[in-house]
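Subject: Structure handover

Hi,

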Amino acid sequence: MARIDLVDLAKSYSGEAADVDSYALKPLSMTWRQGGAYALLGPSGCGKTTLLNMISGIVAPSRGKILFDGVDITARSTQARNIAQVFQFPVIYDTMTVAENLAFPLKNRGVPRPQIDARVAEIGRLLDLTPHLDRKATRLTADAKQKISLGRGLVRSDVSAVLFDEPLTVIDPHLKWELRSKLKALHKALDLTMIYVTHDQTEALTFADTVVVMHDGRVVQSGTPEELFNRPAHTFVGYFIGSPGMNVLPAAVSGREARLDGGVITLDRSYPALPAGATIEIGVRPEFVEVAAPRPDLLTARIERIDDLGRARFARLRIGELRLAARVSGALPADGDSVGLVFDPAHVHVYADSRLVEGVA
Amino acid sequence: MDKTVNQKAWLLVAPVFLIVAFSAVLPLMTVVNYSVQDTFGNNQFFWNGIGWFKELLDPSTDLGSRFFASLWRNLFFSAVILAIEIPLGIVVALSMPREGWRVAACLVILALPLLIPWNVVGTIWQVFGRPDIGLLGYTLNHLGVNYNYVSNEIDAWATIIVMDVWHWTSLVALLCYAGLKSIPDAYYQAAQIDGASRWAVFTAIQLPKMKRVLLIAGLLRFMDSFMIYTEPFVVTGGGPGNSTTFISIELVKIALGQFDLGKAAALSLVYNLIILITCWIFYTVMTNAGADHKARTGEA
């Protein structure tokens, strides 16, 4: 159990001399607090697995330091780091029983037998593996194998952190829910720092207290699921999180008004300090744009189609060349209809070069 | 849906059938024919029933004693070279580089002995071991070791075993290397995370994953060493005395040296049967291991 500090950590697979823009992970400093449940969220190739593997020591950083509880462990081997990691595909030791698999990390570290047995029994119970403990670990389903891998990650009570690298990829959807809530429960029960890498926003948002969103080798925002949803710090966060993603529209902002191609939107705040020459956009989640009957004071858009997601309906709209999505709560307009759009000013954000700009109330 | 019945398809098999008949079945049948007859020359044959087989399997007769003596020599030889080549092959495979130009270099060097014709291998070692002009024999004798494979049984055996190890360990090593390469990195990473020692990685990951290639390597090496003829024939000619006369060498002596066709035919058939049975046992073990493997990946 430890606090993990990353200090100016970076990784380049083509050597440190290469251009920083080509780094798989751009220089990064952040702190993971002890006992936190973190998710590293981002699309494939954004550097999240690289970051995870550097924390566990499988990949050596090109520069920077990693501190566990203030102690620099950058140069230490994986074995010496006292960290647990669960991989995307199940790794099981074929010749051992399920119980021996779970006991393996403890046995290798010379934990006394009675303690191993107790711990294996506990983890087996938490993961519903108790009836299988004495059978050989071969010929199990992928789900069961991955449970064993998870178990091996969780079996050591003294680890600095448990890292998960997309552990539920091979799991059937209906079991995903179950295992995810189980992990959440285990986090509470075992009080371990957990870092969970995924490209699935549902997984990240349900598992973590803090979601760290990565994009192109950088951390673009880190916060609670609510913060990510309500105040995306980067347009990437806006459209990566949420379904459908945030509407990002080019606009000219002056005073408390944003001028789009098709009209004007009122803003809650003013933005006197917008950087000159930057690309200015406004971002607003579809949940905060309502489709209404056309009125002269509203932005007018044409409906392309309506997606019924069950819990809500979203209209896909066009304003000239711009595309956006908006919530439909009342009567269902037909495709091709012209409608008015009602924006919730509190949730319209302004972005300069894709980054959130704080407004003045 | 029913399968289409088309008996014409048998025609496609016919060529293979013919070739196998002429190349294997008919010659084998002539051997069977000889094995139940005796001849005193002049192309006159007499029916002898299972007489030769009875004699062959009775160690108190001359034929039987020669057969069993060479059989035990063969089994001992196979056991020794398996006991050396399999562990040595594993060690070589484990110490081979994983990537870079060294891989190619290692593979080429390892493949070299496998590419040399067998009688050339025999000749190389025959010359290499000669006390008068051979590098090995000359050096050993100069160092005070009285080494002479022509007159000393133990020296002859040592030469043949070392020669076989030199010739065939590469095969085991290459098969093991292929087995090792197929292990995903995640296994090694997980083992690091789990704090496994080098030995634990070997016993928990590498050895189980190499099980199938090791079975194949074992089968190939057993069959080859059990049927060995050329190399010992070139190096020692079966001597000194009969100390390195393996079944194949004995067979050639009886068939071509003494021209005892009946005895030789009976010996060939029994030899063949032993090989078939061993093959079948290995095959069964291997397909069982394979079924095991399939069941596992099938579910994954």
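This is a predicted model: local features need pLDDT of at least 70, side-chain atom pairs count only at pLDDT 80 or more; totals for chains, interfaces and linings use all residues.

Overall picture. Chain A has 361 residues, and 54% of them are buried. The chain holds 22 strands and 9 helices. Its C-alpha trace spans about 80 × 50 × 35 Å along the principal axes. Take the contacts between residues at least 6 apart in sequence: 69% of these join residues at least 24 apart.

Surface and charge. Chain A exposes about 15,200 Å². Carbon and sulfur atoms supply 51% of that area. There are 42 positive side chains and 42 negative ones. The centres of the two sets lie 5 Å apart.

The sheet. Six strands of chain A form an open sheet with mixed pairing. Their order is β6-β7-β8-β3-β9-β10. Which strands stand at the edges? They are β6 (84–86) and β10 (218–223) of chain A. Each has a single partner strand, so one side of each has no neighbour in the sheet. From one strand to the next, the twist averages 15 degrees.

Inside the sheet, β3 (residues 37–41) and β8 (residues 194–198) of chain A run parallel, joined by 5 bridges. Across this pair, A:L40 stands opposite A:V197.

A helix also packs on the sheet: α5 (residues 142–154) of chain A. Helix α5 touches β6, β7 (162–165) and β8 of chain A. The direction of α5 makes about 165 degrees with that of β6(A).

Best wishes

Key. Residues are numbered from 1 along each chain as its sequence is written. Chains are lettered from A and ligands numbered from 1 in the order in which they are written. Side-chain values use heavy atoms; hydrogens and water are left out. Helices (H or I, at least four residues) and strands (E, at least two) are DSSP runs, numbered from the N terminus. Buried means under 20% relative accessible area, exposed over 50%, partly exposed in between (1.4 Å probe, protein chains only). Contact means heavy atoms within 4.5 Å. Accessible areas come from the Shrake-Rupley method with a 1.4 Å probe; for residues, only the protein chains shown count as cover. Lys and Arg count as positive and Asp and Glu as negative; His and the chain ends are not counted. The place of a charge is taken as NZ of Lys, CZ of Arg, CG of Asp or CD of Glu. Two strands pair if DSSP finds at least two bridges between them. Axes are lines fitted to C-alpha atoms, for helices over the stretch in contact, and angles run from 0 to 180 degrees between N-to-C directions.
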